[in-house]
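Thanks for coming, everyone. Please bring the model up on your screens, and I'll walk you through a few places in it.

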Amino acid sequence: MSSLLDGKKLAVIGDPIEHSLSPLIQQAMLDELGIPCIYGRIHVPAGTVGTWLPGTPDLNLAGFNATMPHKTDLVPLMDTLSDDARMYRAVNTVVIRDGLFHGHNTDGAGFVRSLHDEGIDPKGKRITVYGAGGAARSVVLKLAAEDAGRITVCCRTPAKAEELVQASSNVRVVAIDSSEFERTLAETELFINCTPLGMQGVPSQFSSFDFLDILPPFSPVCDLIYRPLKTKLLEEAGKRGHQTMNGLGMLIHQAILALEQFASMPLDAALMMAAVQKKLVPVLEKSL
Ligand code: NAP
């Protein structure tokens, strides 16, 4: 099967970039599909993506993924933006075609797909999102667009979430040190951690997991973190009988959706998921 990517290159850009799992994930899918295309990593220093971009035609790139700190800087540099990239004001996938740059963002859709894989339907649910950074932004806005019920963003700096409240009438913000936080937890039907608390290499952790005792037992607990695969949050939630989900599904689904854009063709998500997991899970387990 020939594809648009035959003989071309793909890459992920970021600063730092050495630890990105995108090359492993994307190459696993390209190899599974038998597409002769090399996916690499390119160090693009913070603040320089605008000067790097015009040189991409010399690199034989069919496109690239972007990670920290370039996702926002890319937005005004694109010739076109997908609805999601425009909604999050962040780009994680750039398709280069006929010299034009097409910006996409697959993070929110990747998360929603990972929920469905676990049999979790966010429609109509009262959802509590812990944290209000870049990942929370794509998760909240996508869930709001997917007809979730009320979404409450619980964070330590409520001012940072005000923009999300303005963006959707079913999003509100609550400070984690307020009594309203406990009331929110008691009504929660889906809890999502969007902070780095408990991530490998991050010194901070939830100071207590007592808040899980307030969550209704039927509420799934999701963590966007995938390193480690089972965070302390998920361990504690599991002990209390909650369904749990880590960030691995989101990570892989956002990559599948990105490759669909690069190759301009639909992919068998289950086949791609299996091909990536075979390569990725041993790496994640070994890095513990
Ligand atoms: P970010 O933009 O830096 O946002 C981090 C958020 O966590 C901020 O709201 C921050 O609050 C909050 N926070 C940090 N420390 C806290 C603490 N001690 N107590 C309460 N809140 C705290 O990071 P991000 O890009 O959104 O990423 C968040 C997590 O999601 C990371 O672990 C990342 O690995 C994961 N992630 C996973 C995927 C995936 O594919 N699975 C994709 C993207 C991100 P302040 O604003 O008050 O500092």
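This is a predicted model: local features need pLDDT of at least 70, side-chain atom pairs count only at pLDDT 80 or more; totals for chains, interfaces and linings use all residues.

Start at Asp147. It sits in the loop between H5 and strand S8, residues 151-155. Asp147 is not a glycine, yet its phi is positive, about 65 degrees.

Now step back into H5 itself. The helix covers residues 134-145.

How many residues of H5 are buried? The count is 9 of 12, so we call the helix mostly covered, with buried meaning under 20% relative accessible area. The buried ones are Ala136, Arg137, Ser138, Val139, Val140, Leu141, Lys142, Leu143 and Ala144.

Let's take one of them. Ala144 is found in helix H5. Its relative accessible area is 14%, so Ala144 counts as buried. Which residues does Ala144 touch, leaving aside neighbours within four places in sequence? They are Ile151, Ser168, Asn170 and Val171. There is also Ser169, 25 residues away from Ala144 along the chain. The C-alpha atoms of that pair are separated by 8.7 Å.

Next, the ligand. Which helices each supply at least two residues of the shell around it? Helix H5 does, and so does helix H9, residues 248-263. There are 20 residues around the ligand. Ala132, Ala135, Thr157, Lys160 and Leu224 come nearest. By type, the shell divides into 12 nonpolar, 6 polar and 2 charged residues.

Look at the backbone here. A polar backbone atom of Gly134 is 3.0 Å from an oxygen atom of the ligand. For Gly133, a backbone N or O atom lies 3.2 Å from a ligand oxygen. For Leu251, the corresponding distance is 3.4 Å, again from a backbone N or O atom to an oxygen of the ligand.

On to H9. Its 16 residues should span 22 Å at 1.5 Å a residue. Its end C-alpha atoms are 23 Å apart, which agrees. Is H9 enclosed or open? In H9, 15 of the 16 residues are buried, so the rest of the structure largely encloses this helix. After H9 comes Ser264, with a positive phi near 55 degrees.

Now some backbone details elsewhere. Met68 and Pro69 are joined by a cis peptide bond, with omega about 0 degrees. Pro69 has its place in the loop between strand S3, 61-66, and strand S4, 80-81. Arg227 and Pro228 are joined by a cis peptide bond too, with omega about 5 degrees. Find Pro228 in the loop between strand S11, 221-223, and helix H8, 232-239.

Arg89 has a positive phi, near 50 degrees, and is not a glycine. Its loop runs between helix H3, 83-88, and strand S5, 93-97. Is Arg89 buried or partly exposed? At 46% relative accessibility, Arg89 counts as partly exposed.

Last stop: Gln27, in helix H1, residues 22-33. At 17% relative accessibility, Gln27 counts as buried. Beyond neighbours within four places in sequence, Gln27 is in contact with Ser22, Cys37, Ile38 and Tyr39.

How values were computed
Residues are numbered from 1 along each chain as its sequence is written. Side-chain values use heavy atoms; hydrogens and water are left out. A residue is near a molecule or strand if one of its heavy atoms lies within 4 Å of it. A polar contact is a pair of N or O atoms within 3.5 Å; within protein, one must be able to donate a hydrogen and the other to accept it, and residues adjacent in sequence count only if both atoms are side-chain atoms. Helices (H or I, at least four residues) and strands (E, at least two) are DSSP runs, numbered from the N terminus. Ala, Val, Leu, Ile, Met, Phe, Trp, Tyr, Cys and Pro count as nonpolar, Asp, Glu, Lys and Arg as charged, and the others, Gly among them, as polar. Buried means under 20% relative accessible area, exposed over 50%, partly exposed in between (1.4 Å probe, protein chains only). Contact means heavy atoms within 4.5 Å. The expected span of a helix is 1.5 Å times one less than its number of residues.
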